[in-house]
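Please read them with the structure open.

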Amino acid sequence: MIHDFGIVWSERALLLSGFANTAILSALSAVVALLLGCILTPALMSKHQAVSGAARVFVDGMRCVPFLLLAYIVYYGLPSLGIRFDNWTSGLAALIIYNAAYMAEILRGAWVVQPREPIEAGVAFGFSEIKLFRRIILPPLLLSAGPVLGNQMIQIVKDSAFLTIIAIPELTHAASSIQSRHYVPFAAFITAVFLYWGLCLVIEAGVSSVGRVAEARR
Amino acid sequence: MAQLVLDVAGISKRYGDVEVLRDVSFQVGKGETVCVLGPSGSGKSTLLRCINWLERPDAGQIYLNGAQVGITGGGLVMGDRDLSRIRTRIGMVFQHFALWPHLTVLQNLMEAPVQVQKRDKAEVRDEALALLAKVGLSEKRDSFPAKLSGGQKQRVGIARALAMRPDLLLFDEPTSALDPELVGEVLVVMRDLARDGMTMVIVTHEMGFAREAATRVLFLDHGRAVETGSPERFFSNPETERARQFLQRYAGDAAGGRR
């Protein structure tokens with residue numbers, strides 16, 4: 001068993017590059033998904049039914065599709081419509097649009113339980129539209145939804161493992177290569193698990209620092 | 001009357017079958033403090049919220065310094081941009097304070113002047129600090145609203161409205177959400193503003209304050225402006241039976257030790 005981990009250690013360069021790719025994929029898609037979610041949220045809350053209806057269809061649609069299937073569709077399905085992306089672009093796009101829907105839904109949930117008066121004060125003080133959302137509505141949403149958003153980022157890290165099926169050299173892909181090359185499945189996969197866990201700890205640390213900021217304002 | 005600041009002409013508002021305001025008209029001159037009184041559900045808050053178009057009136061006109069609120073010169077309903085330009089000239093103080101929870105006290109005061117009015121940040125900051133001193137909260141400038149008492153929150157609410165340099169200040173039951181022992185500190189600030197000649201419309205249940213600080217009283221009942229006049233006359237010798245009953249009930253409450 002120790003010997004197996006020795007083999008994994010000898011392949012550390014491969015494993016670390018997989019880890020780095022997972023971290024990059026996750027960080028990039030978390031940030032962009034959150035930004036898109038922030039744009040999608042006011043659409044979900046829009047008074048115009050066409051806008052809120054379209055946003056609702058997208059969000060509910062995404063939440064009902066298994067991520068693996070979405071990744072298949074983007075990478076294998078779209079080329080038959082003449083839209084072709086490389087595996088990295090496909091994987092990132094799938095992670096982003098899938099999680100943007102969740103982010104938007106999380107923020108919407110936080111919005112509906114916010115007190116109405118501070119937002120109304122924003123309107124009374126001359127804020128409107130984008131500036132009202134960005135300066136008055138959104139900041140308390142991000143603070144109060146912090147833990148749930150963090151949870152979703154952990155979900156992104158785990159979803160990124162599916163991208164091994166479109167041959168993105170991320171952490172699961174690296175662990176899988178090592179185990180098939182040397183036949184050390186337990187050591188290879190357990191090592192990957194700990195690396196995923198480390199990534200999640202970093203996210204947890206981020207969430208708790210947002211939590212401290214929120215606590216000072218509560 | 002001094003120079004006219006606010007002219008409310010025949011405002012009506014209904015929610016479904018309920019007529020909340022019926023043809024309400026009144027005027028406010030520069031430096032006046034008009035207290036809007038009336039039983040719960042008489043439409044006082046709705047009237048106030050129609051003035052800056054937080055609620056859109058169904059009929060009637062509102063003029064601020066001669067310019068119509070909510071309707072363009074062409075007779076169309078104003079877009080957000082025009083409305084927000086007018087709203088920056090009307091300060092508002094809310095029943096539940098409505099401070100922005102993610103900003104410190106000082107940031108609450110500076111937010112709209114800097115972001116909406118686009119005024120110079122350093123100048124706004126100096127003015128905001130002076131306003132905090134005026135309401136006695138200089139030492140709280142870096143606190144978040146959640147850490148303040150209700151009375152302190154409302155004084156910040158007033159300072160925040162003043163930071164906009166408004167032509168008119170609206171108060172929507174500013175002391176109703178406060179514990180009785182905190183009401184006084186807020187009324188002191190409002191009384192000072194009245195004395196300084198700030199133009200104000202105040203919806204309140206504080207009869208003592210209205211009697212003493214108002215230049216004029218407007219009594220609403222079932223959405224109608226039933227009576228208007230000087231506080232001396234209204235409180236000592238109301239013209240209508242409805243006003244008389246209303247005042248008697250308040251006197252009864254006061255005698256019973258309730259607010």
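1. From the N terminus on, chain A runs α-α-α-α-α-α-α-α-α, with nine helices and zero strands. Helices here are DSSP runs of H or I of at least four residues and strands are runs of E of at least two, numbered from the N terminus. The model is predicted, so local features need pLDDT of at least 70 and side-chain atom pairs count only at pLDDT 80 or more, while totals for chains, interfaces and linings use all residues; side-chain values use heavy atoms, with hydrogens and water left out. Residues are numbered from 1 along each chain as its sequence is written, and chains are lettered from A and ligands numbered from 1 in the order in which they are written.

2. The C-alpha trace of chain A spans about 70 × 50 × 20 Å along its principal axes. Of its 218 residues, 44% count as buried (under 20% relative accessible area; exposed is over 50%, partly exposed in between, with a 1.4 Å probe and protein chains only). Among contacts in chain A with a separation of 6 or more, 78% are between residues 24 or more positions apart; contact means heavy atoms within 4.5 Å.

3. Helix H3 (residues 49-64) and helix H5 (residues 87-112) of chain A have axes that come within 9 Å and cross at roughly 115°. Axes are lines fitted to C-alpha atoms, for helices over the stretch in contact, and angles run from 0 to 180 degrees between N-to-C directions. On the H3(A) side, the contact is made by Arg56(A), Phe58(A), Val59(A), Met62(A) and Arg63(A); H5(A) supplies Ile97(A), Tyr98(A), Ala101(A), Tyr102(A), Ala104(A), Glu105(A) and Arg108(A). By class this gives eight nonpolar, no polar and four charged residues, where Ala, Val, Leu, Ile, Met, Phe, Trp, Tyr, Cys and Pro count as nonpolar, Asp, Glu, Lys and Arg as charged, and the others, Gly among them, as polar.

4. Two residues of H3(A) can be set side by side. Met62(A), in helix H3 of chain A, is buried because its relative accessible area is 11%. Not counting residues up to four places away in sequence, Met62(A) touches Leu70(A), Ile97(A), Tyr98(A) and Ala101(A). Gln49(A) also lies in helix H3 of chain A, but at a relative accessible area of 68% Gln49(A) is exposed.

5. Where does H7(A) bend? The bend is at Gly146(A) and amounts to about 65°, with a proline, Pro147(A), following within four residues; the angle is taken between axes fitted to the seven residues ending there and the seven starting there. Helix H7 (residues 129-159) of chain A has 31 residues, yet its end C-alpha atoms are only 34 Å apart, short of the 45 Å that a straight helix would reach at 1.5 Å a residue. The expected span of a helix is 1.5 Å times one less than its number of residues.

6. The buried residues of H9(A) include Ala187(A), Thr191(A), Tyr196(A), Leu199(A), Cys200(A) and Ile203(A). The buried residues of H9(A) pack against helix H1 (2-10), helix H2 (12-44), H7 and H8 of chain A.

7. Gln179(A) is in helix H8 (residues 171-182) of chain A and counts as buried because its relative accessibility is 16%. Leaving aside neighbours within four places in sequence, Gln179(A) is in contact with Val184(A), Pro185(A), Ala188(A) and Phe189(A).

8. In chain B, two residues other than glycine deserve a look for their positive phi. For Asn65(B), phi is near 50°; this residue is in the loop between strand S4 (59-64) and strand S5 (67-68) of chain B and is partly exposed at 32% relative accessibility. For Glu173(B), phi is near 45°. Glu173(B) sits in the loop between strand S7 (168-172) and helix H6 (180-195) of chain B, and counts as buried at 13% relative accessibility.

9. Ser236(B), in helix H8 (residues 231-236) of chain B, is exposed, with a relative accessible area of 53%. Apart from neighbours within four places in sequence, Ser236(B) is in contact with Arg211(B) and Pro231(B).
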